[in-house]
Structures are given as structure tokens and as C-alpha cells.
Amino acid sequence: MDTIAAIATGADIGAVGIVRVSGPLSHDLMAQIFTERTGRQVSVFESRKLYYGTLADETGAVLDHCLCTISRAPHSYTGEDTAELQCHGSPLALQGVLETLFRSGARQAKPGEFTKRAFLNDKLDLTQAEAVIDLIRAETVQAAQNAAGQLGGAVSSQTDAVYDGLRDILAHFHAVLDYPEEDIEPFELVAYATALTEYAATLERLRSTFRRGEILTRGVPTAIIGRPNVGKSSLLNALLGYERAIVTDTPGTTRDTLEERVQLGDTLLRLIDTAGVRDTGDPVERLGVERAWHAAAAAELVLAVFDGSRPLSGEDMQVLEAAKKAPRAVGVISKCDLPHGLDEGPLRAGLEHIVELSAKTGAGLERLENTVATLFPDDASIPAGQVLTNPRHVDAVGRALTHLEAAQEALAQGVTPDAVLTELEAAMAALGELTGRTVAADVAARIFERFCVGK
């Protein structure tokens, strides 16, 4: 296998920049460009120990003064000989180091190629490899903790136990079938009924976590709805902390949906600001109103905004009815910094959660945060790492569960063992796709394409 190199840190200026190298020439390349300050050769460096020295190109021109560390196969991230240079964080200097490595025999690493090599060399299974990019992209503490748990094998440890159990059942059947003369315990499928029930429960428990996983990684789809000029866009801007939406006194300023992600306390929200709902003859604005109703119908959470300084209107009542149909809703009485002119009775009768706030002063935003937290509590009963966040994972677990349930049904009906075992083999194949035991090469390639270069 050839030797790859990449800058592992971002493209912006930083205090430290890291260049990673992996492959059979890694240590030879370090010997060519890195000189340790006391003169020790790279060949005698201890693995995973930092050494200070000078980097120079093939002409002897100094590129940087930096730290170098090597790891010897198979005890490295990729399972190959590897090296890392911890340089000063100048993008120009790092690019110079990279180009020197290329001229010396390395090539540019592709996105995710370091982690892909770790997978191919059995250092990580696929669920762990995918957790790497999930950890990098995590936007909340909970998402990061879950990804770290998956990187540690929290998902694969459960599915591997099911896979291995099914494999043992199949091995027992074929041993009895192929070696009748041996003294092997007779194969009775009914003896495995309890085990199959336990395996199905494990997979169902895993599959049921996916809704929580979507919230962790993608955020709660949240529609902000209300009639024109009640403060919807002001609320969006206040939650984001900057002016994302245009705010004017002219009704109908927002004519399309605006979508932004924001962390409100521990909850990641996918906020959708919508056009003010009202009857209008403007065809463009009317389309925006239709999109507002659609966003409200599709949302997991609706923030229904009402102007606290004005009486309720017929349009407000339409907004209230839409909020009542949502899975979760919070009535937001805005402009509480102005004189109060709203009859809150219908709102409090129709919605369980009401928050008064001022997007202008920030008053009430903390209460909104606390209210949302009660609507989307963190499920402490699920250990970190055991929440499925990847659609590929839930698909594989779901198919495995379907085949396992079919096997249980066949067993209950008393069909021949081979029919039951066919379903168990299909369940194993699906679980194998999850961790990479039976994954196709093109699937693996697609998985690592979403990684960043240098990881």
C-alpha cells in the first residue's frame, strides 16, 4: 500500500498545525526531512513519543521548527507505520511541508482515507469509523458523548453479541448435520427460543433510539409561526444571537422560510422562520403563507408567537389551532417590554406551555430555554453511545430484526429448521453490514467520502 499524507488541521491560521503521514514510507520520509535537535535518528525514535527538531526540504531550506512523533505498525491509528508533525499553524508553511512529502514519495490522502485504512486493518469497525466523523461534527455535548461512546464500540458490542449468538446456532446445526458420527449434542431449535427473544429485544431497543438520535444530530424541526409583525423574525435573531432575518414594521417582510440551527440550552433546534400568516392577494406572499402552514404541520415543535401588546385576532386563532395540532408547542407572547394588551385566556386554555418574552431586551429567553428542555428531556436511561444516529445503522438493525422476527414466527409454526436458519442467516448478513463484516466495497467507499481530508 502506498504512503499518504495530509494536513489534519483546518485551513485557517492557528497556533498549531498537524501533518499526518501513513504507510510504509512514513518513517523514511521523516528521516529525510526531520532532524532531531540532539541528532538522534528517526529509526531509533520510541513510538508515540514527541521529539523536537527542524524540518527542511530536499534543498536544506528550513521549513519549520516542530515536534515529530511516530508509531510503528500495527500499533497505530491506521494499523500502519505512521508519523505526525506538529508544526506552527501557518497554512503556507504546512503546505510547504506537504509538498516536500509529495516530492519525496507520498501522495495526497483522500477524504477519510486514514480512518478507512484503520477499518481495513481491523483497528475500527464501520460503526466506530462513522462515529469519528460524527464526533468531529457534533454540535452539542450529548451528541459528542454519544459519538465518543460509539467510537468506543457501544453499538457494535451489542450487535456483535447478537451476531455471534446467531452464528453459534448455525454452527451447531451444521455440525450435527455434517458430522452425525460425532458425539455432538442434538440440535433442537426450540432450545434457542429464549435466546432469539433476547436478541430481538436487543435489536428493538437499539432501533427505538433512532428518533432521539435524529434530535441529537440534526436538531428538533421547529417552526416559528404567527401573523405578520408579531416578532417571529426578532425571536429567530434573538435565539441566534445575530441579525439573520430582516425585521421591519412593514407586514409581510418575510415571504419564505428561513432555516437555521441553534443550541438552546442542551437542545439543538432546527429553527424555521416563516411568513406571517394572513389572507393576502399577493401571490408571492400567499405562497409564503402556504409554506408556513406546511412547516408547522411537519414540525416536531411549534413556537406560536403572539403580540403581547395587541388583542388576539382571527389570524392569531388560526395560529393557535395549528399549534394545538403539533406534537409539541409553546405559545410565545412577544413584546413584553411594551404595555400589555393581550387577553391570554384563549392561549392558556389551548396550550400547556406559555412563555412571555421580549426579543428586544432578552427577557424571557431563559424561560423559553427551560421550557424546551422539559419538552425534550435527555434520556439518561440510555448509555452514551447506544443511541443510533445514522440512517444506515437503523436500516441494518431494522432488517436484521425483521428476519429475526420471521425466524421466531417460523419456529412457532413448527416449520423445518432450514427455513428458520435461512432467516437467521439473513439477520446475520444485515448485522454484518452494520459493522463491516459483510459490507460491499462501494458502500464503504460512500461512507468515507463524507469525511474531511486528514482524518
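Predicted model: local features only at pLDDT ≥ 70, side-chain atom pairs only at ≥ 80, totals over all residues.
Six strands make up an open sheet with mixed pairing, in the order 9-10-8-11-12-13. Strand 9 and strand 13 (354–356) are the edge strands, each pairing on one side only. On average, neighbouring strands of this sheet are turned by 25 degrees against each other, direction ignored.

Strand 8 and strand 10 run parallel and are joined by five bridges. V220 stands opposite L269, a residue of strand 10.

Helix 8 (residues 210–218) lies across strand 8, strand 9 and strand 10. Its direction is at about 75 degrees to strand 10.

Helix 9 (residues 232–240) is mostly covered, with seven of its nine residues buried. The buried residues are K232, S233, L235, L236, N237, L239 and L240. What covers them includes strand 8 (220–225), strand 9 (258–264), strand 10 (267–273), strand 11 (301–307) and strand 12 (328–334), as well as helix 13 (365–375). After helix 9 comes G241, which has a positive phi, near 90 degrees.

## Y51 in strand 4

Y51 belongs to strand 4 (residues 51–56). Is Y51 buried or exposed? Y51 counts as buried because its relative accessibility is 4%, and the cut-off for buried is under 20%.

Neighbours within four places in sequence aside, Y51 is in contact with F34, E36, R40, F45, E46, C66, L67 and C68. For one of these, E46, the side chain of Y51 reaches the backbone nitrogen at 2.8 Å. F34 is 17 residues from Y51 in sequence, and the two are 9.8 Å apart in space, C-alpha to C-alpha.

Definitions and conventions:
Residues numbered from 1 in each chain as written. Heavy atoms only, no water. Buried < 20%, exposed > 50% of the residue type's maximum accessible area, 1.4 Å probe, protein only. Helix = DSSP H or I, 4+ residues; strand = E, 2+ residues; numbered from the N terminus. Contact = heavy atoms within 4.5 Å. Polar contact = N/O pair within 3.5 Å; in protein donor to acceptor, adjacent residues only side chain to side chain. Pairing = 2+ DSSP bridges. Axes fitted to C-alpha atoms, helices over the stretch in contact; angles between N-to-C directions.
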